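I opened this notebook page to record what I looked up in the structure, entry by entry.

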Amino acid sequence: MVTHCLDQIDVGLVSRSVQWPTGQVEAALVDLQHGCVSCTLREDVLPTLVRMAHSPEVAGVVLVLPEAVEPMGFLEAFYSVVVGEAGRTASEHLDIDSVVAVVDTTRLIPRLTAGERLEQVGLAIGPQDDRTLAEVIVEQVETADVVVAAPAPETELSVLALLNPDARYLTTLSAGCGQHFELDRTLDRVNPSRPTALSPDAVCGGAWGFTWVSDRPFHPERLHRCLDDLGRSLRGRGSALLASRPGAVVEWDSVGSRIALGANSETEHQGVTALSFVGVNELGATLRSRLSEATLDDLEMAEGPHQWQTWPDPFDDLWNPSNETEEA
């Protein structure tokens with residue numbers, strides 16, 4: 001088992017602990033690289049895993065990432081970063097069996113709705129880390145092949161299943177979850193704009209999910225006015241069309257009231273808006289109505305793209321160099 005502790009990050013150190021099958025525990029302090037936790041873990045974890053993979057006494061390794069570290073950064077490095085002098089990546093030395101997320105279901109929905117920043121709950125991994133706890137939970141659940149969650153009310157379990165319908169759900173973690181991990185499938189699942197990321201229409205145990213599709217673009221001002229309502233969902237993702245930017249695609253990625261929109265270079269959804277939302281309580285019908293109200297009506301459609309581009313657009317910042325805007 002390999003674990004890292006960030007308790008000493010303020011003084012530029014990360015502690016690593018390796019527990020070998022013999023019971024021996026190997027501890028080390030690692031310098032924080034470039035002031036970046038992700039860089040430090042990448043430069044320390046990958047060589048450690050390769051070293052263990054070459055040990056005859058090791059049949060498998062459990063890597064426990066710190067709570068606030070998102071697994072996609074590690075996964076991308078696992079397949080792309082060269083380790084050692086042989087010029088090979090970690091993926092050429094060992095395989096990933098499963099990505100596992102452990103969820104406290106008793107606090108799942110309150111944490112997804114509270115909007116607490118990691119700094120507020122003592123989990124920030126640097127002074128510039130302004131992520132919310134909800135964002136980290138959602139990213140970890142959506143990346144996982146296996147989700148371990150104690151028996152919980154139907155609503156909580158339904159939210160998890162809507163966030164990640166591909167995952168295997170267990171109440172306890174047993175050895176050998178099976179070869180579930182596939183990089184391409186995971187990349188498709190976590191990409192907000194991909195069709196595979198969109199939730200099926202479902203209402204179960206107080207939780208709901210739906211995908212809203214329209215071949216009509218949004219009116220920019222009306223869409224902007226309904227962001228507060230759309231931010232009442234637990235999760236939103238997909239691609240949208242704005243009348244003020246004919247031919248362009250906007251990627252939608254929201255967790256609670258924090259909505260991130262960015263210009264999307266992919267062409268998968270051009271010609272159609274496809275947005276998926278997951279939530280609880282009686283909000284589903286309200287959100288559908290607000291989305292419908294924000295799309296162009298027949299008269300506006302008849303005006304055509306040349307006229308649409310003259311309308312005031314509160315989303316102009318999406319096409320600035322930063323290429324992203326957030327509503328918190």
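**Strand pairing.** I began with Val 2, which stands opposite Leu 63 in β4. Strand β1 (residues 2-5) and strand β4 (residues 63-64) pair in the parallel sense over two bridges, where pairing requires that DSSP finds at least two bridges between the strands, and where strands (E, at least two residues) and helices (H or I, at least four) are DSSP runs numbered from the N terminus. On its other partner, I noted that β1 runs antiparallel to strand β2 (residues 13-19), joined by four bridges, with Thr 3 opposite Ser 17. I also noted that Val 2 and His 4 make up the covered face of β1, while Thr 3 and Cys 5 are on the uncovered one.

**Ground rules.** I am reading a predicted model, in which local features need pLDDT of at least 70 and side-chain atom pairs count only at pLDDT 80 or more, while totals for chains, interfaces and linings use all residues. Residues are numbered from 1 along each chain as its sequence is written, and side-chain values use heavy atoms, with hydrogens and water left out.

**Aromatic rings.** My search of the whole structure gave seven aromatic pairs, counted for rings of Phe, Tyr and Trp (its six-membered ring) with centres within 6.5 Å, planes under 30 degrees apart being stacked, over 60 edge-to-face and the rest tilted. The pair of Phe 78 and Tyr 79 is edge-to-face because the ring centres are 5.1 Å apart and the planes are at 75°. Tyr 79 also pairs with Phe 181, with centres 6.2 Å apart and planes at 20°, so this pair is stacked. The latter pair links distant parts of the chain, 102 residues apart, as Tyr 79 is in helix α2 (residues 71-80) and Phe 181 in the loop between β9 (168-170) and α6 (183-190). Phe 74, Phe 78, Tyr 79 and Phe 181 form one aromatic cluster.

I then checked accessibility, with buried meaning under 20% relative accessible area, exposed over 50% and partly exposed in between (1.4 Å probe, protein chains only). Phe 78 is buried at 1%, and Phe 181 is buried at 8%, whereas Tyr 79 is partly exposed at 31%.

**A charge over a ring.** Arg 288 lies over the face of Phe 210, at 4.3 Å from the ring centre; the criterion is NZ of Lys or CZ of Arg within 6 Å of the ring centre and within 35 degrees of the ring normal.
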